[in-house]
Structures are given as C-alpha cells and as structure tokens.
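This report describes a protein and DNA model, one part at a time. Keep the structure in view while reading.

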There are 2 protein chains.
Amino acid sequence: MKDNNDMPGHLARRFQQIAVAVFLAEVGDAGFDLTPVQYAALATIKANPGLDQVTLAGLIAYDRTTITGVIDRLAQKGLIERRASPRDRRARELEITDEGRRTLRKITPAVESAQRLMVRGLSAKEAEDLMRLLRKAIAAGNELSRAPLRE
Amino acid sequence: MKDNNDMPGHLARRFQQIAVAVFLAEVGDAGFDLTPVQYAALATIKANPGLDQVTLAGLIAYDRTTITGVIDRLAQKGLIERRASPRDRRARELEITDEGRRTLRKITPAVESAQRLMVRGLSAKEAEDLMRLLRKAIAAGNELSRAPLRE
DNA sequence: CGATATTGCTCAGTATGCTGACTATCAGTA
DNA sequence: TACTGATAGTCAGCATACTGAGCAATATCG
C-alpha cells in the first residue's frame with residue numbers, strides 16, 4: 001500500500017465525487033436543479049406508483065432517515081405528492097406529479113450524458129468492465145452498509 | 001439504461017457507501033474512532049510534515065472548505081497540531097503529534113483489512129482490474145470536481 | 001511604489017448519510 | 001383480547017461535500 005491514494009476506499013470516494021460533480025453540471029446546464037439522489041428517487045417513484053418510503057429506500061439503497069429529507073425536497077418542488085396510506089396509517093404513499101413527470105422526461109438526456117462523461121477516460125469495453133466489477137463488488141458487500149438494496 | 005441502479009453514477013454511490021461502512025466497522029472494531037477522511041488526512045500530514053491546508057486538500061482531493069472541519073476534529077482529538085506559518089501569515093502548518101503517530105501505527109491493520117473487505121466479492125485479478133479502471137476514469141475526470149487532486 | 005490579482009482560510013447555507021432514540025401503528029401469539 | 005415484537009416514519013446530532021461570499025495577506029505588474 002505505497003500510496004494512500006491507491007487504496008480502493010480512496011478510489012471509491014474520488015469516483016463518486018467526480019460522478020456527482022458531472023451529474024450536477026450536466027443537469028444544471030440543462031436548466032434543472034436536481035441532485036443525483038433526488039433524480040433516482042423521482043425515477044423510482046414514477047416506476048412504482050404508490051410505494052411507501054421504506055420500500056423506496058430499499059429500491060435505491062438509501063437510509064430511511066435520509067430519504068425523509070429527499071422526499072421533503074421533492075415534494076417542496078412539486079415533483080411528487082405524499083399522502084397517508086389507507087391500509088397502514090404509519091405509511092405514506094408516494095406519487096409523482098405531472099410536473100414531476102415532465103421534469104423527468106426533460107432531464108433524461110442530461111442524465112444520460114452525465115453517465116457517459118463519468119467514464120469518458122475509458123473505452124466502451126473498459127467502461128463495461130468497470131460497471132461489471134462494481135456491480136459484483138457491490139453485490140458482495142450489499143449487507144455491509146446500513147442501507148442495503150432490497151428488491 | 002433499463003435500470004437506474006445500473007448507471008455508473010449509482011454504482012459509484014453504492015461502492016462508496018459500502019467502502020465507508022466497511023472502513024468504519026473495521027476501524028471501530030479495532031477500538032478507534034476515525035473516519036476514512038480523517039485517516040487519509042492524518043496519514044498525509046505524517047508523510048508531509050508542516051504542509052498547509054490547501055496543499056493537504058490538493059494531495060487527497062478534498063474541498064478546501066471541507067478540510068477545515070476535518071482538521072478541527074483531528075486537532076480536537078490531539079492527533080495533529082495546527083500552528084501559524086512563519087513564512088506566510090495566512091497559512092497554517094500542520095504537524096502530526098506523537099499520539100497521532102501512535103494511532104496511525106495501531107490503526108493500519110484495520111485499514112488494510114477494510115480495503116480487502118471492500119472488494120471481497122472479487123478475485124485478486126478482478127480487484128486489480130477494478131482499481132486500474134477506477135484510476136483511469138478518475139484521472140480523466142480529475143478536473144471536473146471542485147476538489148481535484150494536485151500533486 | 002501602488003493598484004490589482006491571487007491565495008489561504010473561514011463562514012453561512014444546503015444536501016447527503018449515518019447513529020441512536022422515539023412515537024405510532026401493526027402483526028403475531030399466548 | 002392483551003402482550004410482545006416488529007415496522008413506518010421522524011428527529012437530534014454529527015461528519016462529509018459543495019456553493020458562494022468574505023477577510024487578510026501575499027504576489028505581480030505597470
């Protein structure tokens with residue numbers, strides 16, 4: 001371990017740091033003010049209408065205490081609605097609004113361009129390899145974080 | 001882009017999330033209370049005695065506004081000392097303390113074990129491939145974040 | 001030398017992400 | 001049905017990260 005900057009942990013942090021910066025830049029240039037986390041939540045709510053917060057958190061591997069704030073901000077922006085579940089009075093059902101749908105549609109090109117930019121130093125094959133290895137490492141470590149993916 | 005969870009940005013976030021959790025668990029089990037960020041800063045200060053905050057930030061790619069708090073906490077724990085530079089009255093020179101040196105020495109096995117755990121789903125060759133691809137992608141995107149690496 | 005630009009650091013504000021604790025509610029069982 | 005445990009959500013507190021602003025000191029250049 002000659003260099004601390006060569007450790008997996010450091011590389012993970014750097015890659016995430018760049019990924020977020022690229023995402024915010026692309027989406028910002030397109031005229032939107034949405035974070036990667038907010039985007040993933042919004043897209044998942046659209047794909048799973050009426051889901052509750054815990055389920056949403058599991059689908060994108062967020063902590064349940066973090067998702068509260070994310071949902072607050074999405075609702076504040078008018079992109080989603082949060083209403084009490086008729087079946088479980090503890091739960092809240094999440095629904096995307098028309099405005100949320102419109103935003104999601106218009107933002108998609110910027111999001112996709114950001115994904116390409118993040119790996120712009122790699123060939124297509126290298127990018128695919130990277131994603132495959134990341135998926136494999138993540139699958140093996142899924143239960144190690146407080147907010148694992150739940151399908 | 002069938003699944004949002006398959007996008008590079010999401011994989012970056014997940015891998016980082018697991019890396020931090022593994023680091024904190026290993027280091028915590030060893031009896032220490034140090035974050036990945038604090039560890040990297042401490043190790044870099046030890047390797048570059050008397051460096052100033054901006055240089056430190058550049059060496060580990062932290063934002064200059066973030067490093068203030070990290071240094072505060074390291075100093076609070078007695079692991080480093082921060083004193084005015086005699087050459088530049090704006091700058092502060094950072095120095096590791098004996099306590100910091102001791103902590104760094106005792107914590108190293110846990111840190112290394114954490115690095116292995118992060119990629120425990122991968123073969124040795126796969127882990128090496130992953131790190132090579134991450135390094136390459138990061139090198140190409142270095143200037144895209146507000147806190148690039150500066151050597 | 002003096003005006004200007006740059007640099008080192010800090011601060012306020014916002015957004016993740018986590019720990020741990022708490023309330024309200026639901027589910028299973030004795 | 002009453003007790004017990006689990007679950008949905010929130011909150012306070014702490015630690016990264018970043019934006020943008022500002023202050024003090026240094027560097028640069030006409």
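Helix H2 of chain B covers residues 36-47, which is 12 residues, and reaches 17 Å from its first C-alpha to its last, close to the 16 Å expected at 1.5 Å a residue. The model is a predicted one. The buried residues of H2(B) are Gln38(B), Tyr39(B), Ala40(B), Ala41(B), Leu42(B), Ala43(B), Thr44(B) and Ile45(B). They pack against H1, H3, H4, strand E1 (80-84), strand E2 (92-96) and helix H5 (98-118) of chain B.

H2(A) also has 12 residues, which should span 16 Å at 1.5 Å a residue; the end C-alpha atoms of H2(A) are 17 Å apart, and this agrees. In H2(A), the buried residues include Gln38(A), Tyr39(A), Leu42(A) and Ile45(A). Among the elements that cover the buried residues of H2(A) are helix H1 (8-29), helix H3 (53-60), H4 and H5 of chain A.

## Helix H3 of chain A

Which residues of H3(A) are buried? They are Gln53(A), Leu56(A), Ala57(A), Gly58(A) and Ile60(A). The cover over these buried residues includes H2, H4, E1 and E2 of chain A, together with H1 of chain B.

Both ends of H3(A) have a feature to look at. Just after H3(A), Ala61(A) takes a positive phi of about 60°.

## Two loop residues of chain A

Lys77(A) lies in the loop between H4 and strand E1 (80-84) of chain A. Lys77(A) counts as partly exposed because its relative accessibility is 33%, and the limits for that class are 20% and 50%. Leaving aside residues up to four places away in sequence, Lys77(A) touches Asp33(A), Leu34(A) and Gln38(A). The side chain of Lys77(A) reaches the backbone oxygen of Asp33(A) at 2.7 Å. Gln38(A), another residue that Lys77(A) touches, is one of the buried residues of H2(A). The C-alpha atoms of Lys77(A) and Gly31(A) are separated by 14 Å, and these residues are 46 residues apart along the chain.

Thr97(A) is found in the loop between strand E2 (92-96) and helix H5 (98-118) of chain A. Is Thr97(A) buried or exposed? Thr97(A) has a relative accessible area of 15%, so it is buried; the limit is 20%. Polar atoms of the Thr97(A) side chain have two backbone partners to inspect. The backbone oxygen of Gly78(A) lies 2.7 Å from a polar atom of this side chain, and the backbone nitrogen of Gly100(A) lies 3.0 Å from a polar atom of it. Not counting residues up to four places away in sequence, Thr97(A) touches Gly78(A), Leu79(A), Ile80(A) and Glu81(A).

## How the two chains are related

A rotation of 180° with 0.0 Å of shift along its axis superposes chain B on chain A, with an RMSD of 0.0 Å. The two copies are therefore related as by a two-fold rotation axis. The same surface serves both copies, since 100% of the contact residues of chain B recur in chain A.

Which residue of chain B comes closest to the rotation axis? It is Leu130(B), with its C-alpha at 3.0 Å.

## The surface near DNA strand C

There are 26 residues around DNA strand C, and Arg73(A), Arg146(A), Val54(B), Arg90(B) and Arg92(B) come nearest. The residues of this surface divide into five nonpolar, eight polar and 13 charged. H2 and H4 of chain A, together with H1, H3 and H4 of chain B, each supply at least two residues of the surface. The largest share, five residues, comes from H4(A).

Which parts of the DNA are involved? Of the atoms of DNA strand C within 4 Å of the protein, 69% belong to sugar or phosphate and the rest to bases. A base is approached by Arg64(B), where an N or O atom of the side chain is 3.3 Å from a base nitrogen of DNA strand C.

Note on methods. Residues are numbered from 1 along each chain as its sequence is written. Chains are lettered from A and ligands numbered from 1 in the order in which they are written. This is a predicted model: local features need pLDDT of at least 70, side-chain atom pairs count only at pLDDT 80 or more; totals for chains, interfaces and linings use all residues. Side-chain values use heavy atoms; hydrogens and water are left out. Copies are superposed by least squares on the C-alpha atoms of residues with pLDDT of at least 70 in both. Contact means heavy atoms within 4.5 Å. A residue is near a molecule or strand if one of its heavy atoms lies within 4 Å of it. A polar contact is a pair of N or O atoms within 3.5 Å; within protein, one must be able to donate a hydrogen and the other to accept it, and residues adjacent in sequence count only if both atoms are side-chain atoms. Helices (H or I, at least four residues) and strands (E, at least two) are DSSP runs, numbered from the N terminus. Ala, Val, Leu, Ile, Met, Phe, Trp, Tyr, Cys and Pro count as nonpolar, Asp, Glu, Lys and Arg as charged, and the others, Gly among them, as polar. Buried means under 20% relative accessible area, exposed over 50%, partly exposed in between (1.4 Å probe, protein chains only). The expected span of a helix is 1.5 Å times one less than its number of residues.
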